Amino acid sequence: MTQIDKIIGKGRSFSIEMFAPKTPEAEDRLVEALGEFQKLRPSFVSITYGAGGSTRDRTHSLVVDLNQNFPAPAMAHLVCSGHTRDELTEILTKYRDCGVENILALRGDPPVAGRQAHQGELDWAIDLVELAKELGEFCVAVAAHPEGHPESTSLDQDRRDLAAKLAVADFGITQFFFKASYYWDMVETLGSLGVSKPVIPGIMPITSYGSIQKMAELSGAKIPPEIISRLERCKEREQDVVELGIEIACELSQELLDQGAPGLHIFTMNLARSTREIFERLGLFTT
Ligand code: FAD
């Protein structure tokens, strides 16, 4: 298996994020999508972790299975929220013993969307990065928020917290955003804080007008007015929204790559079409 920071160190990485399915039907859809994803030859894949540990076993099984059977390394997301330190130690030890070397360390949110303090024994993602590093030779990634995390007291404080987290982690992946300038402002500030670890832009292809508005509200991402007007013009037809989502994701991805971004991480929602189109239209194949 390969530590992902070694892949990123060799050149641009094009990766995809999936979630562990809950039902047999969702599992069938993922198997079908995986066939498509495999053809795209992503640099690595990552598997989300349900708030408060709700997908603990499913995430573990899928990551271990992909690491054995998918031709790219699979990274396990893990969150502090809802877990004691001992539980996190047990989860990380099990990953280490199964040969999983890549972890995305997150704070997580409360299981019910809301903005109360999350309940977990470790307070911040940086504590989980440190725990993982203590327990094994993991490559540990962290989340970055180009527009600032919604709970941050200020953008400056958010950047300082991110810089501290990246100083102990190996690389970052951003929350989704719709303007390249948000990403480059973050990278520039990190540089001024002495951090040069790679941060890969996270790209969310819009597939539904309603759900992107909800996700943007939760994550603190602003949807620019010009994107809202384009969506307004086609929102009645689902297929047109998907097509427009692909166009918007391609425009942003191309701009980021032209400006020197170290790669792209696509949030697939386990749907192959938008991700396949983005890879094909931009020629993102790595070998
Ligand atoms: P942190 O880095 O802990 O930061 C959270 C907030 O605390 C920020 O405002 C930060 O400025 C502040 N902070 C940090 N350190 C300190 C400190 N020492 N003192 C005071 N304040 C501090 N969630 C899931 O539940 N499952 C997933 O699989 C998942 N995957 C994700 C993948 C990506 C690429 C991204 C970008 C996010 C993902 N999330 C996931 C969401 C994430 O859990 C939330 O955004 C969460 O609210 C914050 O996580 P974090 O790791 O950025 O937290």
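This is a predicted model: local features need pLDDT of at least 70, side-chain atom pairs count only at pLDDT 80 or more; totals for chains, interfaces and linings use all residues.

Residues are numbered from 1 along each chain as its sequence is written, and side-chain values use heavy atoms, with hydrogens and water left out.

Start at the ligand. There are 23 residues around it, and Tyr49, Asp109, His145, His149 and Lys165 come nearest (being around it takes a heavy atom within 4 Å). That shell splits into 9 nonpolar, 8 polar and 6 charged residues (Ala, Val, Leu, Ile, Met, Phe, Trp, Tyr, Cys and Pro are nonpolar, Asp, Glu, Lys and Arg charged, and the others, Gly among them, polar).

Now look at some individual atoms. A polar backbone atom of Tyr49 sits 2.7 Å from a ligand nitrogen. On the oxygen side, a polar side-chain atom of His77 is 2.9 Å from a ligand oxygen, and an N or O atom in the side chain of His149 is 2.7 Å from an oxygen of the ligand. The protein covers 83% of the 980 Å² of accessible area that the ligand has on its own (Shrake-Rupley method, 1.4 Å probe).

Now for the backbone. Most residues other than glycine have a negative phi. Arg41, though not a glycine, has a positive phi of about 50°, and Met269, also not a glycine, has one of about 55°.

Definitions and conventions:
A polar contact is a pair of N or O atoms within 3.5 Å; within protein, one must be able to donate a hydrogen and the other to accept it, and residues adjacent in sequence count only if both atoms are side-chain atoms.
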